[in-house]
Amino acid sequence: MAEQALARNPGEGRAYWVLGGLYEVKAASEETGGVMTVVEMTIPAGMGPPPHTHPGTETIYVLEGRVRFHVEGEKIDGGPGSFFHAPERMWENFEPLTDARLLVIYTPGGMERFFAEIGEVAPVREVPPGDHPLPGLRWVTSIGHRYGLEMRLPD
């Protein structure tokens, strides 16, 4: 278990530009004794991740915007207050239908290391400009393998 309590105000903690969105780490694995990673994601419409699966669970709470969850071939739309939980190794992804802000919890922790590796430190706490280059999904997939992630890429 973590040996200290954690309190974080808005704008504190690490933040990354990842796949066109802003990912703000609210609690990192090393701050929770490895129990969880908590990330606030601000993601433009249409910029969600490809279908993926990973070790551990993923829990998503929609703070703002509308999101379509894809879970094992099913689609579920949700808006503010919607809650989604995917068990370990379940194929899932989310698709922001509008600009969206999500609170995402991964258990156990460690997912922030993947985001740090595929993203870049955010110079400002806002989504990257629309013309900011995105990494190739094949490269992201190869990095993901080191963290136990599998991704289905579009043809």
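What follows is a chat about a predicted model of one protein chain.

Reader: Let's start with the inside. How many residues does the largest nonpolar core have, and which have the most contacts inside it?

Author: The largest nonpolar core has 29 residues, and those with the most contacts inside it are M41, F69, F94, L102, F114 and F115. As general background, in soluble globular proteins nonpolar side chains tend to be buried together.

Reader: Take F115, then; what does F115 touch?

Author: Leaving aside residues up to four places away in sequence, F115 touches V18, Y23, V39, M41 and Y106. F115 also belongs to an aromatic cluster, which it forms together with Y23, Y106, F114 and Y147.

Reader: And the helix it sits in, which residues of α1 are buried?

Author: In α1 the buried residues are M111, E112, F114, F115 and I118. They cover an arc of only 155° around the axis, so they lie on the same side of α1.

Reader: What covers the buried residues of α1?

Author: The elements covering them include the strands β1, β2, β3 (37-43), β10 and β12 (150-151), as well as helix α2.

Reader: Since α2 came up, where is T141, and is it buried or exposed?

Author: T141 is in helix α2, which spans residues 137-146. T141 counts as buried because its relative accessibility is 11%, below the 20% cut-off. Not counting residues up to four places away in sequence, T141 touches M151 and L153.

Reader: Switching to charges, how many salt bridges does the count come to?

Author: The count comes to eight salt bridges. One of them joins E40 and R101, with the closest N and O atoms 2.8 Å apart. That pair links distant parts of the chain, given that E40 is in strand β3 and R101 in strand β10, 61 residues apart.

Reader: Which of those two is buried and which is partly exposed?

Author: E40 is buried, with a relative accessible area of 13%, whereas R101 counts as partly exposed at 23% relative accessibility.

Reader: What else does R101 form a salt bridge with?

Author: R101 also forms a salt bridge with E64, where the closest N and O atoms are 3.1 Å apart. R101 lies in strand β10 and E64 in strand β5 (residues 57-64), so this pair ties together parts that are 37 residues apart in sequence. E64 is partly exposed, with a relative accessible area of 41%.

Reader: Last topic, the backbone: which residues does a cis peptide bond join?

Author: A cis peptide bond joins T107 and P108, with omega about -10°, and P108 is found in the loop between β10 (100-107) and α1 (111-118). For context, most peptide bonds are trans, and most residues other than glycine have a negative phi.

Reader: Where is L19, and what is its phi?

Author: L19 lies in the loop between β1 (15-18) and β2 (21-27), and its phi is near 45°, a positive value. E72 likewise has a positive phi, near 45°, and its place is in the loop between β6 (67-71) and β7 (74-78). L19 is buried, with a relative accessible area of 15%, whereas E72 counts as partly exposed at 47%.

Definitions and conventions
Residues numbered from 1 in each chain as written. Predicted model: local features only at pLDDT ≥ 70, side-chain atom pairs only at ≥ 80, totals over all residues. Heavy atoms only, no water. Helix = DSSP H or I, 4+ residues; strand = E, 2+ residues; numbered from the N terminus. Buried < 20%, exposed > 50% of the residue type's maximum accessible area, 1.4 Å probe, protein only. Contact = heavy atoms within 4.5 Å. Phe/Tyr/Trp six-rings, centres within 6.5 Å; stacked < 30°, edge-to-face > 60°. Core = buried A, V, L, I, M, F, W, Y, C linked by side-chain atoms within 4.5 Å. Arc of directions from axis to C-beta. Salt bridge = Lys/Arg side-chain N within 4 Å of Asp/Glu carboxyl O.
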